[in-house]
Amino acid sequence: MKRTLLILATLLLTGCANTEPVAQKGEVISCGSITTDKTITSGISVECVDGSAGAVIQSLRGPMVLNVWGSWCTSCLAEMPEFVSFYSKAKGKVQLVGVAVEEASPENSQRFIEENGMTWPNYYDRENETRAYFGMGVPVTLFIDASGKTVYKKIGVVKSADELAGLTEKYLGVNI
């Protein structure tokens, strides 16, 4: 009888355990660390989600992986864990920068960042001016070299952190 109770108690306790991985809480990060060419002052301007100084898109310098996303975009939500995983290995080797587009408010972007474990700087396109530069639809991921040239544009969902690492090595020469 004691053995049966012990087995039942064990089953009940293990059945209540949370086997889901706990999501990392994201943080809205300043854009001050993003490498830009300060001599470029005209072009498409974006704000930083945290309210700090923004940038002109054409001034961005890599090596950089630039992910264009929207909080309303289910495909963007689906790929975000891959970016979180990638960044845990890539931080300090390559810049990861986000651009939130077609948002109703910066608060929507901030909430998405915090809820999805994003810990890298993100810009906000308040005026929806980046569409001509990035193209229609999201997600889009650009690989930008040190001169500011987009050396590869991935349209659609990134399926794994390994895919991101492979593209980063292939197009930016950075081994993650």
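In this predicted model, the link of Cys31 and Cys48 is right-handed, with 80° about the S-S bond. Cys31 lies in the loop between helix 1 (2–15) and strand 1 (45–48), while Cys48 belongs to strand 1, so the pair ties together parts that are 17 residues apart in sequence. The S to S distance in this disulfide is 2.1 Å, which falls within the 2.5 Å cut-off for such a pair. The count for the structure comes to one disulfide.

The surroundings of the cysteines may be considered next. Cys31 has a relative accessible area of 4% and is therefore buried, the limit for that term being under 20%. Its partner in the disulfide, Cys48, is likewise buried, at 3%.

The structure holds one cavity of 30 Å³ or more, and the volume of the largest cavity is about 100 Å³. Its lining includes Val68, Val101 and Glu102, together with Asp125, Asn128, Thr130 and Arg131. Phe134, Gly135, Met136, Gly137 and Val138 also line this cavity. Sorted by class, the lining residues are five nonpolar, four polar and three charged. Among the charged residues of the lining are Glu102, Asp125 and Arg131, whereas Phe134 and Met136 are among the nonpolar ones.

Conventions:
Residues are numbered from 1 along each chain as its sequence is written. This is a predicted model: local features need pLDDT of at least 70, side-chain atom pairs count only at pLDDT 80 or more; totals for chains, interfaces and linings use all residues. Side-chain values use heavy atoms; hydrogens and water are left out. On a 1 Å grid over the protein atoms alone, a cavity is a set of points where a 1.4 Å probe fits but cannot get out, and a pocket is an open set with protein on both sides within 12 Å along at least five of seven lines; lining residues have an atom within 4 Å of a point. Grid points are joined across faces, edges and corners, and a volume is the space filled by probe spheres set on the points. Helices (H or I, at least four residues) and strands (E, at least two) are DSSP runs, numbered from the N terminus. Buried means under 20% relative accessible area, exposed over 50%, partly exposed in between (1.4 Å probe, protein chains only).
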